[in-house]
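Please look at the sequence and the model below, then read on.

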Amino acid sequence: MRRTPRFASALVTLGLVAAGLLVGGSASAATNRLEAENAVVSQGVVESNHAGYSGSGFVNGDNVSGSYTEWTVNAAAAGSSTLAIRYSNGPASVRTANIAVNGAVVSANRAFNSTGNWDTWAAVSIITNLNAGANKVRITATSADGNPNFDYIDATTPGGGGGTVTADQLLAKVTSCTQISNGKYKTDEDVSTATVPVCQKTGAVFWKADMDIDCDGVRTTQCNENTDCCFYPDTACHTTGDSPLDSAALPYVVVPSSSGIWNYTSKGIGCGTVVAVIYNGKIEYAVVGDTGPTQIIGEASHKAASDLGIDPDPSTGGSDGPVTYIVFTSSGTKVSAIENHQQAVTLGQQLAQQFVGAN
């Protein structure tokens with residue numbers, strides 16, 4: 001694949017999962033379903049008079065402020081967790097509640113929107129930290145309407161050794177495109193036709209393109225002026241120590257610089273945003289680490305390509321694809337240390353779970 005000259009900029013860190021296995025990191029999360037009928041209920045009852053619930057029933061809280069449902073979530077290790085709360089709210093009005101973990105409110109006055117009727121269910125998700133062992137998750141009504149009906153919580157907990165999203169699950173959610181770019185991108189500078197749109201889904205944007213190799217940043221044996229005709233000793237995103245990124249060591253993705261076609265910052269995307277890159281049944285969770293030409297899309301670091309089984313040579317490598325890039329845009333999608341790939345893997349797994357559940 002022919003690599004075209006480009007310039008430095010920043011994008012999102014990426015991680016990889018294949019058939020339940022993680023490329024560039026080890027699987028470290030498990031998803032547990034906690035039925036509401038087994039939870040502790042204050043001012044409410046377990047019922048089964050509406051369709052569509054899981055298990056043996058659901059919790060119908062009293063219409064009073066202060067009524068609550070409390071689950072015990074067990075985690076094998078301390079760390080970040082995604083809690084997906086399935087609920088039903090028949091009235092047109094929004095019901096609000098405080099969500100507390102181990103006594104501390106982590107989401108105040110969280111909105112549970114109307115689902116249209118009591119037989120229709122929806123889910124809201126939050127990301128929070130859990131302790132190793134038992135954790136108390138309590139949802140307390142903050143208005144006189146009380147809580148919605150609760151069916152269950154799907155808790156993705158750290159240290160479980162499973163529960164990762166597969167490449168097929170992610171790809172199944174991006175089969176259709178709601179285009180948000182003002183036109184399309186070319187895959188290479190010498191290609192005459194622009195064919196790649198940027199598309200939108202709930203909690204992410206995505207595109208399907210090729211993969212050119214970005215070898216910019218720190219000079220290494222793999223990436224330097226001799227191995228790469230277009231080598232540039234800097235990247236748009238820097239480490240927490242203010243150094244350029246190391247393409248040979250860090251999986252990162254390149255986004256097109258902002259233009260009339262698309263401005264990636266309009267979706268809150270920036271340095272350290274997590275991306276799921278999918279190729280040949282594998283997922284790589286990486287960081288947005290650089291930006292490229294305004295007319296071209298489809299580029300990632302030497303390490304990202306290598307982890308995915310793509311030839312990482314900056315002069316002769318790359319792949320014509322298809323490579324799918326899913327850039328997460330919901331809240332909490334950036335790592336705190338862009339150079340820490342394990343952070344991208346851990347957060348990427350959680351965001352992928354949310355993405356599959358929301359689409």
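**Cysteines and their disulfides**

At 3% relative accessibility, Cys199 counts as buried, where buried means under 20% relative accessible area, exposed means over 50%, and partly exposed lies in between, computed with a 1.4 Å probe on protein chains only. The model is predicted, and local features need pLDDT of at least 70, side-chain atom pairs count only at pLDDT 80 or more, and totals for chains, interfaces and linings use all residues. Residues are numbered from 1 along each chain as its sequence is written, and side-chain values use heavy atoms, with hydrogens and water left out.

**Overall pattern**

- The structure holds three disulfides, a disulfide being a pair of cysteine sulfur atoms within 2.5 Å.
- When the bonded cysteines are counted along the chain, the disulfides follow the pattern 1-2, 3-4, 5-6.
- In general, a disulfide is a covalent bond between the sulfur atoms of two cysteines.

**Cys177 and Cys199**

- The sulfur atoms of Cys177 and Cys199 are 2.0 Å apart and form a disulfide, and this link is left-handed, with -95° about the S-S bond.
- Because Cys177 lies in the loop between α1 (167-172) and β14 (199-201) while Cys199 lies in strand β14, the pair ties together parts that are 22 residues apart in sequence; helices (H or I, at least four residues) and strands (E, at least two) are DSSP runs, numbered from the N terminus.

**Cys215 and Cys223**

- Cys215 and Cys223 form a disulfide in which the sulfur atoms are 1.8 Å apart, and the torsion about the S-S bond is about -60°, so the disulfide is left-handed.
- Cys215 is buried, with a relative accessibility of 0%, and Cys223 is buried too, with a relative accessible area of 1%.

**Cys237 and Cys271**

- A disulfide joins Cys237 to Cys271, with an S to S distance of 2.1 Å, and it is left-handed because the torsion about the S-S bond is about -85°.
- Cys237 lies in the loop between β15 (204-214) and β16 (252-256) and Cys271 in the loop between β16 and β17 (273-279), so the pair ties together parts that are 34 residues apart in sequence.
- Cys237 is buried, with a relative accessible area of 0%, whereas Cys271 is partly exposed at 38% relative accessibility.

**Cys229 and Cys230**

- Cys229 counts as exposed at 72% relative accessibility, whereas Cys230 is buried, with a relative accessible area of 14%.
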